[in-house]
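Please read this briefing beside the sequence and the 3D view.

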Amino acid sequence: MPPVAPEEFPPPFDSAEVIGPPTDAPDDRIEVGVAIVGGGPAGLACAIKLMQLLEDEPELTEKLGEVPVAVIEKGKTPGAHLLSGANMRPSAMRELFPDLDPSDWPVYQEVTKDAVYFLTSKLAAPLKPMPPNFRNHGNYVTSVAKLGRFLAEKAEEAGVYILSETAATKLLVEDRIVRGVRSGDRGRGRDGEELSNFEPGSDVVAKATVLAEGTLGHLTYAALDYFDMHGADPQTWELGVKEVWEVEKPLDRVIHTLGWPLRWSAKHKEAGGSFIYPMGEDKVCIGLVVGLETSDATFSTHDALQQLKTHPFVRKILEGGKRVAWGAKTIPSGGYWSMPKRLAVPGMVIAGDNAGMVNIAELKGIHYAMHAGMYAAETIVDALKADSVNFEAYDEKVHNSVIEKDIYESRNMRQPFSKGFFLGGALASAMTVTKGAFPGGHFKQEHDSEVAMTIDRASDKYPKADNELTFNKLDSVFLSGNATRDDAPNHVRIQTHVPREVAQTWVSMCPAQVYEIPDDQLAGDAAEVDVHVTASNCVQCGAITAKGGRLTLPEGGDGPLYQET
Ligand SMILES: Cc1cc2nc3c(=O)[nH]c(=O)nc-3n(C[C@H](O)[C@H](O)[C@H](O)COP(=O)(O)OP(=O)(O)OC[C@H]3O[C@@H](n4cnc5c(N)ncnc54)[C@H](O)[C@@H]3O)c2cc1C
Ligand code: SF4
């Protein structure tokens, strides 16, 4: 059957649905000073910095009212929806907490030794000299879920209100000025009907709104459309699947691998690699991150990670151990050319992953998100002091910062890998050494959903679950602590009768087994098939939005309850 691109079957969703004026009567609106959507590194760093700055601004604090700063977070607790490597550059932690010693940060250890291996199906060859983008000396291994809880505690101590289990589902805009957000309804049934515990959402109006929603931000992408803020190229994403293992022997270094089991050919475009990080004496994490521009509809990052663990080199690290945590999340990978052309509009700024602030060549985003949150706080305080909601100074701050400098230097790094590993790797090395000057120019990239999909053979090699080393998707979802109600409305928007290639793409790609083709249709040879959706399995990784559908927001508190991812 001819290849077909998922973008030809757009989801039943219009971003205008989630933008509009406040609808609650003025007396019923919740008023806050600054509303921050997202309790990740960007949002929480912004909240803490705001409170630090407000200490010296009693007049402004008074003007901001009883709730000067509120963080709206959809996870059950802060950190519940956070997942990362995480090998963190310390610059933002140092800046935000100048009086804290790293021994007081929620980190496992400083990186003193690291290595990169190229894998074939049996061998692991160390890459020497190590490509510079993999050097991690002086960074710290952390869990971003733990970091989120730590930052939330610090924020609350400083007087920030954290509204967990609350999804911001609508951006409130009047006269093209952002006025806040509306929180989602709770207690609706499968068909949207009001259940006995129904509670309507509320308008949360604010003098300033910070969108720090992370990868594939729901309101952010609607705002990019509405305010015409999209960058030069479409955003692209990689999907990361991660496990935490208790192990018998401590790991003495940070490891990255390239090569097997990914097929880096120009045909299959499985660009990515693995990370294996020590987490103290008795734990390690292992994750596989792969670009969503893959073209084989049977490719699954979840199952390729299971395959990777059967490699003798990796198996030895995990030997005698036990898997204790699992999760999945996307990471924006488009880099400089995909960043929004503006980061501020009247009343609102965008900070962190949702603004594409990730250096994918180094797999780094945490410190950029935190720096961006701090710049946002500085800009907002300066503007509000002058009774202004013009936050354009934030664009300038990001432009002149380490964020844009680093991301500009690696601006063409990802696109060459669509030419295959060897040519792509050679070009990427030249770019690293010359800080992006060679070959220069602008390597264009397409949206992941524009890639034409074929049903090929990636899945032939995936191992069966043995429940010791390898696991199936449903067991993985269970370990994520996912607690989405079975009778909640379906928050995943896709077309449900599509070409087999598109349906198979979604079935294989989703790490949480949300999509299924009914058995009789799977066995048949019809060109088009149905797709059944079990939305309660969804861990909100975001991949479906990258590959032709749309993840909307379920009820606050639904989704995973990550502890140490
Ligand atoms: C597999 C993987 C490995 C990575 N490894 C590293 C690494 O080693 N080092 C590194 O520096 N970076 C790494 N990153 C990137 C890093 O994790 C991100 O750049 C960073 O977490 C971005 O922070 P953020 O605050 O912008 O977004 P997030 O961390 O995604 O936080 C966003 C928060 O907003 C909440 N939210 C979103 N929308 C709404 C809404 N509408 N209403 C309410 N709440 C909402 C979410 O629940 C979430 O808690 C990795 C990422 C992945 C996926
Ligand atoms: S349905 Fe949920 S878990 Fe599955 S790919 Fe989409 S966002 Fe990820």
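What follows is a set of notes grouped by topic.

This is a predicted model, in which local features need pLDDT of at least 70 and side-chain atom pairs count only at pLDDT 80 or more, whereas totals for chains, interfaces and linings use all residues. Residues are numbered from 1 along each chain as its sequence is written, chains are lettered from A and ligands numbered from 1 in the order in which they are written, and side-chain values use heavy atoms, with hydrogens and water left out.

**Ligand 1**

- The shell around ligand 1 holds 36 residues, and the closest of them are Glu73, Ser84, Asn87, Lys329 and Asp353; a residue is counted here if one of its heavy atoms lies within 4 Å of the molecule.
- Sorted by class, this shell has 17 nonpolar, 13 polar and 6 charged residues, where Ala, Val, Leu, Ile, Met, Phe, Trp, Tyr, Cys and Pro count as nonpolar, Asp, Glu, Lys and Arg as charged, and the others, Gly among them, as polar.
- Helix H1 (41-54), strand S19 (322-332) and helix H8 (366-385) each contribute at least two residues to the shell, and S19 gives the most, with 3 residues; helices (H or I, at least four residues) and strands (E, at least two) are DSSP runs numbered from the N terminus.
- A polar backbone atom of isoleucine 366 is 3.0 Å from an oxygen atom of ligand 1.
- Of the 1000 Å² of accessible area that ligand 1 has on its own, the protein covers 98%, with areas taken from the Shrake-Rupley method and a 1.4 Å probe, and with only the protein chains shown counting as cover for residues.

**A sheet of three strands**

- An open sheet of 3 strands runs in the order S4-S8-S5 with antiparallel pairing, two strands being paired if DSSP finds at least two bridges between them.
- Strand S4 (87-88) and strand S5 (107-110) are at the edges, each with a single partner strand, so one side of each is left without a neighbour in the sheet.
- S5 is joined to strand S8 (residues 140-142) by 3 bridges, and glutamate 110 has tyrosine 140 in S8 as its bridge partner.

**Ligand 2 and the cysteines**

- Ligand 2 is surrounded by 13 residues, the closest being Cys510, Cys538, Cys541, Gly542 and Ile544, and its shell has 11 nonpolar, 2 polar and no charged residues.
- Cysteine 510 is buried at 8% relative accessible area; buried means under 20%, exposed over 50%, and partly exposed in between (1.4 Å probe, protein chains only).
- The whole structure has 0 disulfides, a disulfide being a pair of cysteine sulfur atoms within 2.5 Å.
- Cysteine 285 is buried at 1% relative accessibility, and its sulfur is 18 Å from the closest cysteine sulfur, in cysteine 541, too far for a bond.

**Two further residues**

- Aspartate 104 lies in the loop between helix H3 (91-96) and S5, and is partly exposed at 44% relative accessibility.
- Alanine 5 belongs to the segment before strand S1 (19-20), and is buried at 5% relative accessible area.

Key. A polar contact is a pair of N or O atoms within 3.5 Å; within protein, one must be able to donate a hydrogen and the other to accept it, and residues adjacent in sequence count only if both atoms are side-chain atoms.
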